[in-house]
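Reader: Could you walk me through how to read a few local features in a model like this one?

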Amino acid sequence: MAAVPNPVPALRAALLDWYDAHGRTLAWRAPPGSPRPHPYRVWLSEVMLQQTTTPHATPYFEAFTARWPTVTDLAAAGDSDVMAAWAGLGYYARARNLLACARAVVEDYGAVFPDTEAGLLALPGVGAYTAAAVAAIAFDRPANVVDGNVERVMARLFAVETPLPAAKPELKRLAATLIADDRPGDWPQALMDLGATVCRPGRPLCEACPLTRWCAGYASGHPERWPLKTKKAERPHRTGVAWVLRDDRGRVALVRRPDEGLLGGMTGLPTSEWSVGAAETPPPVVVDWREAGTIEHVFTHFSLTLTVRVAEGGGDFLWIDPEEALASLPTVFRKALERGLV
């Protein structure tokens, strides 16, 4: 009986050929066949892209690399400068980890990134996904790089019946079966691009996909059925108060938030705690607070309604011009300040 041919080489060749013709042009990427991008740029982009879309991350990446073009430049930057430049990207612990990692690369590795997954994993704030992505994309190492786009491709390619997030280990195992030594840096980018542009959520463009020959989801006639997902629990709701205080020069009072916790280390408006039935303890320098309305904001794990109160006064705060504050504050504080300035 003849042996069944291994489909992996043909599948890989089809996807890599598609990637050569249709791969995305991204600010941090080197085109197929060109020298690998610098590890600093790959690492920075991967940190920014965690929980952030490519269109949203791109201007931040361009601004960071213009201001801090090397890991040595970033390592020498002030904490407050980096946190302000990060404002609007969310998940602010990433900015603190970014600085810690840059400084470790400079101080412990002579400003040269380790070129293996194990070495990269030893850096502060670098997890398994980022280590695999940098090892593959920057250093051309065979590595299993699995993001949400790749999970979706695997779920449809193999018609995985386990719903997410429980399916994640199975999807990662299946992705590992397709790894080879041929073009290891281009392979994960090809999978990501396929998921982002063709094997999309909702309505995949199967007519443009190079993998339909091998895709169990396509063969079913209903590829949009995958990936299966466990119904999410309802997001909890919290409330709080934000105080917009202005001095006689029109400047806005800001405070630095504690290093630990949500938006840790960021500059923001004075606020109450964010909880169910949070108690109001306004800054003690003013009595005559006036209500300016409310704003809504959604974090990953809860939604928030902030009542905005405004007043004029002084005190021991960081005083900053409103336009400068609007350009540098995290989104939730920017919304509250915009409401308070109306």
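This is a predicted model: local features need pLDDT of at least 70, side-chain atom pairs count only at pLDDT 80 or more; totals for chains, interfaces and linings use all residues.

Reader: Where are the cis peptide bonds?

Author: As background, most peptide bonds are trans, and most residues other than glycine have a negative phi. Here a cis bond links Leu164 to Pro165, with omega about 5 degrees. Pro165 sits in the loop between α9 (148–157) and α10 (168–176); helices (H or I, at least four residues) and strands (E, at least two) are DSSP runs, numbered from the N terminus. Another cis bond links Trp226 to Pro227, with omega about -5 degrees, and Pro227 belongs to the loop between α12 (216–220) and β1 (237–246).

Reader: Which residues have a positive phi although they are not glycine?

Author: Ala111 has a phi of about 70 degrees, in the loop between α6 (93–109) and α7 (117–121). Leu263 has a phi of about 55 degrees, in the loop between β2 (252–256) and β3 (267–268).

Reader: Is Leu263 buried or exposed?

Author: Buried means under 20% relative accessible area, exposed over 50%, partly exposed in between (1.4 Å probe, protein chains only). Leu263 counts as buried because its relative accessible area is 6%. Ala111, at 25%, is partly exposed.

Reader: How many disulfides does the structure hold?

Author: A disulfide is a covalent bond between the sulfur atoms of two cysteines. The working test is a pair of cysteine sulfur atoms within 2.5 Å, and the structure has zero of them.

Reader: What does Val105 touch?

Author: Contact means heavy atoms within 4.5 Å. Leaving out residues up to four places away in sequence, Val105 touches Val71, Gly110, Ala111, Val112, Phe113 and Leu123. Val105 lies in helix α6 and is buried, with 0% relative accessible area. Val105 and Ala75 are 30 residues apart in sequence, with 8.4 Å between their C-alpha atoms.

Reader: Which strands does β2 pair with?

Author: Two strands pair if DSSP finds at least two bridges between them. Three bridges join β2 to β6 (residues 318–320), running antiparallel, and Val252 has Ile320 as its bridge partner in β6. β2 also pairs with β3, again antiparallel, over two bridges; there Val255 is partnered by Gly268.

Reader: What lines the second largest pocket?

Author: On a 1 Å grid over the protein atoms alone, a pocket is an open set of points where a 1.4 Å probe fits, with protein on both sides within 12 Å along at least five of seven lines; lining residues have an atom within 4 Å of a point. The second largest pocket has 25 lining residues, with Gly90, Tyr91, Tyr92, Phe299 and Thr300 nearest its centre. Elements giving two or more residues to this lining are α6, β4 (290–298) and α14 (331–341), and α6 gives the largest share, three residues.

Terms used:
Residues are numbered from 1 along each chain as its sequence is written. Side-chain values use heavy atoms; hydrogens and water are left out.
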